[in-house]
Amino acid sequence: MLHTVTPCAMRALEQEFMKETGYPSLLLMEHAAQAVAQALLRHVPQGARVLFACGAGGNGGDGYAAARLWRQMGGGAVCCTAAPVETLLGDAKINASLCGRLGIPIVPAERGIPLGDAAAVVDALFGTGLSRDVEGICAEMIAQMNASGLPVVAVDIPSGVDGAAGRVRGCAVSARETVTFHRPKPGHFLSPGRELTGRLTVADIGIPPALDRAEGMDVLEDGDVLIPPRAADAHKGTCGHLLVVAGSRGMAGAAVLCTLGALRAGAGLVTAACVGDVFSALQAQAFCAMAAPVPEEDGALAAKAESRIESLLQGKQAAVAGPGLSQRSGVGEALRALIQSDVPKVLDADALNVMAAARLLPGRNTVVTPHPGEAGRLLETDAAQVLLDPVEAAKALAQKTGAVALLKGATTVIAGEEGVTLMPRGTCAMATGGSGDVLSGVVGALLCQGMAPYEAARAAALWHAQAGRRAEGALGTRQVTALDIAGCL
């Protein structure tokens, strides 16, 4: 499991480390440059000519230092600078001066990037703390780097990407590899920064982990083991009984997929509360589950189904509500008691729409699993605002609802009292109807087997993503359906 650090916290950590130990900043820059030079060897031969695009700050200083090391390793180097060398300060000025002493050309960017016969480009224009849109000569340099077709190695983060939120500030470099330092930054995992980062390498620059007191977010990796082993003497009664409230006329598939997700994720027993139009489909497609009819009106839950759902909830270890229920009148009243109960539960899709419309707050032990549009309705904003900073949106959802928020996306964000976790292991093959229904079933199954909401949400998100990638490997990116994801759990 990786652990991020925000750009602001990283700057504070470096300053504190140097103050406490006397470690020179120039040596931190040297370690960073060594990692960049080593990364270049993964893309070009040691003697190749490399262009180093250098900015005015510390990131540019890393670029000048890497150019010097690359020259000393026998390669050709040329620096293209966005700022006059005479305006540089501190460690950046020292390394630019050393480049000049070694005869490395330093060309002002106003003359255009001198790609010539370069085999690769090092992007050292802006670091992780960029807080304004890129424009002018730097924007032109980024456009030329992207148009070159050459492998680009980015220093710390692709220039133009916000290190905290992953959004693009005007324009951004598309890197083949990004070498970041000490710990990864959130922007490496949040789109579109995730796609622009390329291969991510986290390099040691000399700060001992024991001296690192900065907070951060967990980032899930495939090797993380989040689900405890099942006891050898387990039986269906000890593996939990889950209630699924899902489906309506025309949306039987949502109930089927949610139920299959729960069964595949190890729920001992699953009972699906469903209307008549869903009942037969569910019995045929998820025949390992039980189905219980509920009062209906116009093919959806009727208001008077509330008492029936309350009755079915008795003796259940957890519940899932929302997939495919529709927004017909009566659904909100039918779900009210379940939403406000303290039974461990997952609220998804139309249950979230009910919460937003009625301004209901859920009971304890709840996981909400919105996509950006649903999150926007709950936060009284829109999907575009949620996508600008999904971490802050997930944290706001958790604070507002008191639930664990699992905000679905290219990188899923899980937020709760325990902290924030990023899950970047999914694939665009999962962009298919019903994928979220399977996920809600997986979360519900883990809840009913005794996992706490935050841990269940993290484990389910990773497991679901791995199943999606396995389905993609078997079928191809465009051929995956939600049924395939459930089958690959």
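**Close-up 1. Leu-98 sits in helix α4, which spans residues 90-101.** Welcome to this predicted model, in which local features need pLDDT of at least 70, side-chain atom pairs count only at pLDDT 80 or more, and totals for chains, interfaces and linings use all residues. Residues are numbered from 1 along each chain as its sequence is written, and side-chain values use heavy atoms, with hydrogens and water left out. Helices (H or I, at least four residues) and strands (E, at least two) are DSSP runs, numbered from the N terminus. With Leu-26 and Ile-94, Leu-98 makes a nonpolar surface patch of about 220 Å². Patch members have over 30% relative accessible area and no salt bridge, and nonpolar side chains (Val, Leu, Ile, Met, Phe, Trp, Tyr) are joined within 5 Å, like charges within 9 Å. Leu-98 counts as partly exposed because its relative accessibility is 37%; buried means under 20%, exposed over 50%, and partly exposed in between (1.4 Å probe, protein chains only).

**Close-up 2. The largest pocket has a volume of about 800 Å³.** A pocket is an open set of points on a 1 Å grid over the protein atoms alone, where a 1.4 Å probe fits, with protein on both sides within 12 Å along at least five of seven lines; lining residues have an atom within 4 Å of a point. The volume is the space filled by probe spheres set on the points, which are joined across faces, edges and corners. Here 33 residues form the lining, and Glu-14, Gly-57, Gly-58, Asn-59 and Asp-62 lie nearest the centre. Helix α1 gives the most to this lining, with six residues.

**Close-up 3. Lys-185 and Asp-156 form a salt bridge.** Their closest N and O atoms are 3.5 Å apart, where a salt bridge needs a side-chain nitrogen of Lys or Arg within 4 Å of a carboxyl oxygen of Asp or Glu. Lys-185 lies in the loop between β7 (177-181) and α6 (193-197), and Asp-156 in the loop between β6 (152-155) and β7, so the pair ties together parts 29 residues apart in sequence. Lys-185 is buried, with a relative accessible area of 1%, and Asp-156 is buried too, at 12%.

**Close-up 4. Glu-177 meets Arg-199 in a salt bridge, with the closest N and O atoms 4.0 Å apart.** This pair links distant parts of the chain, with Glu-177 in strand β7 and Arg-199 in strand β8 (residues 199-203), 22 residues apart. Glu-177 is buried, with a relative accessible area of 0%, whereas Arg-199 is partly exposed, at 47%.

Conventions. Areas by Shrake-Rupley, 256 points an atom, 1.4 Å probe, with all protein chains shown as cover.
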